[in-house]
Amino acid sequence: MFDHIRADAMRVQRMTSPLRTRDVILALWRNYGLQALVIYRFGRWLSTAQNGVFQAILLAPLYPIYWFLALGARKAYGIQLAQSADIAPGLYIGHFGGIEVKNCRIGAHCAIQQQVKLAPPTNSGRGPTIGEGVWIGAHVQIRGEFAVGDGATIGAGAIVTQNIPGRCLALGNPARVAQRDYDNQAFL
């Protein structure tokens, strides 16, 4: 859990050298997306840390704290990171508001903006699979079992209705590949 939080904080601070505790605290203070990610990682840690009855009894009092914090992030920031999502380290949430992530997989070192919806078409089922180093612009919707390849960029307002190959720029409604061999490293 702490390695993932450290990677998330490094993305917020745009640092490659090891972070000091002070840097992590400053990043948490300044970035609402990082606060929501820390709450998500805390909940994932709680769900995976219960290996036996003794640990379950010790961790049980922490669940109400997690639920309270998750509800606060949802209400105050508009960021809903469901425990059904599998989020790799290094996610950057650029802006808060209207973000919904559930039943999906997000690769390492991705970036998402405000009003992004990553979820299955209904409340059940499998959602999208996002590769590593993907930049997802504001107001993007990816609802379904679609895959977005490594290094892809989804432009603002796009609605993804098909698989998007890696290292390309996808734009529009429905999203179509506008440019292949697109380098999004300047955005990440």
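## Helices α1 and α3

Helix α1 (residues 2-13) and helix α3 (residues 32-48) have axes that come within 10 Å and cross at roughly 170°; axes are lines fitted to C-alpha atoms over the stretch in contact, with angles from 0 to 180 degrees between N-to-C directions. That makes α1 roughly antiparallel to α3 (the word covers angles over 145 degrees). Helices here are DSSP runs of H or I with at least four residues, and strands are E runs of at least two, numbered from the N terminus.

Contact means heavy atoms within 4.5 Å. On the α1 side, H4, I5, D8, A9 and V12 take part, meeting L34, L37, V38 and R41 of α3.

This is a predicted model, where local features need pLDDT of at least 70, side-chain atom pairs need 80 or more, and totals for chains, interfaces and linings use all residues. Residues are numbered from 1 along each chain as its sequence is written, and side-chain values use heavy atoms, leaving out hydrogens and water.

I5, A7, D8, A9, M10, R11 and V12 of α1 are buried, that is, under 20% relative accessible area with a 1.4 Å probe, counting protein chains only. Their cover includes α2 (21-30), α3, β3 (92-93) and β6 (111-112). After α1 comes R14, with a positive phi near 55°.

## The sheet

β3 and β6 also belong to an open, mixed sheet of six strands, ordered β3-β6-β9-β12-β14-β15. β3 and β15 (176-180) are at its edges with a single partner strand each, so one side of each has no neighbour in the sheet.

Strands pair if DSSP finds at least two bridges between them. β3 and β6 run parallel, joined by two bridges; Y92 has A111 in β6 as its bridge partner.

Conventions
Parallel < 35°, antiparallel > 145°, perpendicular 65-115°, else oblique. Buried < 20%, exposed > 50% of the residue type's maximum accessible area, 1.4 Å probe, protein only.
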